[in-house]
Amino acid sequence: MQWTSLNDLREKYLAFFESKNHLRLPSYPLVPHNDPSLLLINSGMAPMKKFFTGEEIPPRNRVCTCQKCIRTPDLERVGHTARHGTFFEMLGNFSFGDYFKNEAIPWAWEFLTVTLEIPENLLWPSIYEKDEEAYHLWADVVGVPAERIVRLGKADNFWEHGSGPCGPCSEIYFDRGEARGCGSPDCKPGCDCDRFMEIWNNVFSQFNNDGNGNYTELAQKNIDTGMGLERLACVMQDVDNMFLVDTNRKILDTVCEIAGKKYGADKNDDISIRVCTDHIKSAMFMIADGVIPSNEGRGYVLRRIIRRACRHGKLLGINHAFLTDLCKVAMEQNCGAYPELSEKSAYILKVLTLEEERFDATIDAGLSILSNIARESIAAGKTVISGEDAFKLYDTFGFPIDLTREIAEEQGLAIDEDTFKKLMQAQRERARAARANVSGWSNASKTLLSGLPATEFCGYTGTRCDAKVIALIVDDMTVDEVSEGDVTVILDKTPFYGEGGGQIGDTGTLMMEGAVINISNTQKSDGVYIHMGTVVNGAVKVGDTVGAVVDIARRENIMRNHSACHLLQGALRKVLGTHVEQAGSYVSDTVCRFDFTHFAALTPKELAAVEMLVNANILVGLGVDKLELPIEEAKKLGAMALFGEKYGDIVRVIKMGEFSTEFCGGTHVDNTAQIGLFKIVSESSVAAGVRRIEAVSGKGVLELIAQKDALILSTAKELKVNNPADIAHKATQLQSELNTAHKEIEVLNGKIAASQVTDLVKNAVSVGDFKLVTAHMPGLAVDIARSMTDKIKDTYADVVAVIAISDGESVKFLSCAGKDAVAHGAHAGKLVGAVAAVTGGKGGGRPDSAMAGGRDLSKLDEALASASATLASMLK
C-alpha cells in the first residue's frame, strides 16, 4: 500500500462509492437542522436520522458523504493524550431501503484491498456472534480465512438505542503489528491492546426492537457505514495518531514554529501544542457554519475551545495574537474539500481576532487573581477553590469554568462545583425573571384559556370582521358580563394580529350597539388570541356579537416597518456576507429593530450601502407574495428560516421579488413601494457577535426629517447664526477657540502635576528591580491626574504608577509604566484592569498608559495594595 494524503483518501472514498451509483452529498453544517436533540453534529449518521426514520425523503436511496463532526465531552482531555480530539471527519456510505449486506461487505473489502491496496492479511473482520449471513459473506464470498473472522457479543457488535430500528454490526480492523500488541498468542480484534485498530463499521439496520427485547424483521433494511478519515489516514501514512497525519501535522508544525518549540521534546509543551492544533480546526469550522462565541449553547462550546487554545498558547510562551496565523494554515489544508472556508475566510479570521483580543484583555488579570487564590488556598491547607471565587472569575473575567478547573487541577486543587452551579442558576433565574411577564398577562389568566378553542385569524386579508365573544376575563377570573374597567376579551375569530415573530400586537376597537371596548394590545397563547382592553361605555356579555376593528393607520405603519425589516436582512447579507443571520427583531408602528450576527461595527460606507440597497428595492416597487406552502416546497424556494424556530408542515412565506424570501407569519405591504422610504437611525452592539440596527420607514422617515430640521434651526439659534448653512463654519471657529484654551489648560496642569510627581516617586516601593507608585488623591481632576502619569512615564523609565482619584461617589484608576518597565513585562492596561476589578470595576489600555473605573469605594485601599503582587507576576 502507498502513502496517501488525507485529502486524497477522502476523494478516493467518495469517488469509489459514486462508481457504485451513490449520490455524493456535501458535508452537512455542524449546526443540526431541526434536531433539538443535538448541540452539534457528532457523527456521519446524525444528519441522516430523518431519512432512516422515514420523516424525510432522501435525495437518493444511495448516498455517500464525508461529514464534519465535533465531540466535546472529553474537552479537558484533549491534548493530554494523542487519542483525544474535538474535530474529526466521518466517511459514510448509506442505503435507505436499497442494498444490504450482500453489497456492503464486498464493497468495503474492495475499497480497502483494491483501491487502497491494503494487504488482505492485515485486515480482520468482526461480526455479531449470531450473524451467520455476515459470516457467510466474509468467508465464502469475500474469501477471508475463518480464523481471521472474529465473532463478538452484543455489547461490541450490535447497534441499538432503546426501542426502534436496530441491528448487528460488522467492523474491519487493521493489524498494526505485534510490536504494538500485548504479546498474547490469542491477541485479536476485541483485545484491549493497541495492535488492532478499527477502521470501518457497517451497521445493518434490519430489526425493530419493541423495547422489551422482542425483535422483528424490518420491511425496509438500511446500511449505515462509518469510517473515521483520520484513522484511515493513520493506517495509510503509518503514523501513530491523528496529530501526525499530514494535514494536522502542518498545523502542529506551525504551532511549534510560532512558539519556538520542538514537538516531542517536552511533555507539557506537547500537551499545549496538541490543544492548539486540534482546537483551531474546530473553531474554524464552527465559525464557518454560523456559530458565534457566546455564553450559551454551542456558542459557549466555541468560546471554551477558542479560550482554551489562547491559554495553551500562552503556556507555550506565545504572548501575541496567533490564532489567525494558525487558522490560515488550517484553511489551506482543508479549503479544497470545504470551499466555505475560502468564501468566509475574512469573517472567520475576524471572529477569531475579536475573541482572542477580548480574552487577552482579561486573561492576565484573571490569571493573576486565580494564581493568588490558589496560592492562598494551598497556604491555608485547603484543597478546594470556593464556588464563589470560581463564579467571580467567570462573571467578571469571562473564564469558562473548565479553564478554571484545568488550571486548578494543575496545582492539585479542586473546585466547589455545587456552589458554582447554584450561583450560575441564580444568575439565570434573575435574568429570566427580568424577562418574564413583560406582557402583564398572568399565569393565572393563562390557565383560563386551556379549554378554549383556537381563534380563527382573518387579519391577513382584512382589518375588520364580526366576531362572537366566547370569554371575558377580569382580574384573573372569567365573568359573564363586563361594563367598566379593564378586561380581556376572547373572540371566536379576529382581524387583530397577536404579538409574535417580533411584531407587536394590534390595537383598535370592539363595538356593538351601545357598547365600545378600546383594545390596547393583542397577544396569543396556544392559538387563542387575547384582546386586552378597557370598556369605554355600555356592557358586553359572553355570546354577544361585536364588530372587531383594527386601528388601520397603526397597522399600516407596522406593515411598512416589518416589510422593511425583510429588505434590511436581504441587504445586510448582500453587503456584509451570507454569515448574517437574524438574531432577533422588534417591529412596531414606530421602529424596525433588527438584531443580526456580525462581529464588527458597520462602517459608514457599509451602512450607506445597506440603506441605499433597501431604498432601491422600495423604489423599484417589488410585488410582495404571501404564500402558504408545504415546508419542503418553501425550502426549495430558498426561504430563510429563523434558526431554532419550530415550523409546522405548512408554512407562510413572504417573497419580495427575487431579493428576499423568508418564513414569516407577520403582516406585510402588498408592494415594497408602499413602504415609502427607509432610514437607518442607529447601529450598535447588543452582545458578543450580535449587532443591532434601528430604522424607520414611511411616515417615520418624514417625522425624522422634521426632527432633524428642528434640531438644525435650534442649533443655528444657539450659535447665533442667521443662516443654517453657516453652522459648520461657526462650529469650526468655536472648536479652534476651545483647542487654544485646552492647550493653555494643559500647560497649567503640567505645572501642577510636576510639582507633585517628585514627592510621589520618593515614596515609591520596590518591586523587583523596579519601583511602584500607588496613591489615592481625592478630588483631583482627571486631566491633572493624566498629566501626572504622563510625567512619571516620560521622566522615570523604571517606575510604574497607579493613581486613584475619587469624588465621594465614584473612583477612577490611572496607570502608567516607564519604557524599561514595559520592556520587562509591565503592562499598565492589564495592571489597572486587575486593580479596578477588586472594586468590581473594569478597564484597560496600552502597556504604557491606561485608565479604569471602579465601583466599591470601600475596597479602594485593598485595590491599590493588590497592585504590587499583580505587577510582580508580570515582570520577567
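Start by selecting K20 and H22: the backbone oxygen of K20 lies 3.1 Å from a polar atom of the H22 side chain. That side chain also makes a polar contact with the side chain of Y99, at 2.7 Å. (A polar contact is a pair of N or O atoms within 3.5 Å; within protein, one must be able to donate a hydrogen and the other to accept it, and residues adjacent in sequence count only if both atoms are side-chain atoms.)

Before moving on, a word on what you're looking at: this is a predicted model, where local features need pLDDT of at least 70 and side-chain atom pairs count only at pLDDT 80 or more, while totals for chains, interfaces and linings use all residues. Residues are numbered from 1 along each chain as its sequence is written, and side-chain values use heavy atoms, with hydrogens and water left out.

Stay on H22, which sits in the loop between helix 1 (6-18) and strand 1 (23-24). Helices (H or I, at least four residues) and strands (E, at least two) are DSSP runs, numbered from the N terminus. H22 counts as buried because its relative accessibility is 3%; buried means under 20% relative accessible area, exposed over 50%, partly exposed in between (1.4 Å probe, protein chains only). Beyond its neighbours within four places in sequence, H22 is in contact with residues including F17, R60, N93 and W107, where contact means heavy atoms within 4.5 Å.

Next, select strand 7 (residues 164-175), where eleven of twelve residues are buried. Which strands pair with it? Two strands pair if DSSP finds at least two bridges between them. Strand 6 (residues 158-159) joins strand 7 through two antiparallel bridges, and in their hairpin, with four residues between the strands, G162 takes a positive phi near 70°.

Now show L112, W200 and L232: of the 115 residues in the largest nonpolar core, these touch the most other members. Such a core is a set of buried Ala, Val, Leu, Ile, Met, Phe, Trp, Tyr and Cys residues joined through side-chain atoms within 4.5 Å. Helix 12 (residues 345-379) gives the most to this core, with twelve residues. A second, separate core has 31 residues, among them A564, L568, I680 and A695.

Jump to L403 in helix 14 (residues 401-410). Its relative accessible area is 2%, so L403 is buried. Skipping residues up to four places away in sequence, L403 touches R307, R311 and F359.

Last stop: the open sheet of six strands, ordered 30-31-32-33-35-34, with mixed pairing. Strand 30 (765-767) and strand 34 (842-845) are its edges, each pairing on one side only. Inside, six bridges join strand 33 (residues 811-817) to strand 35 (residues 849-854), running antiparallel, and S815 stands opposite A850. Helix 22 (residues 782-795) packs on the sheet, touching strand 32 (799-806), strand 33 and strand 35, at about 20° to strand 33. (Axes are lines fitted to C-alpha atoms, for helices over the stretch in contact, and angles run from 0 to 180 degrees between N-to-C directions.) Finish with helix 25 (residues 860-874), lying across strands 30, 31, 32 and 33 and running at about 170° to strand 31.
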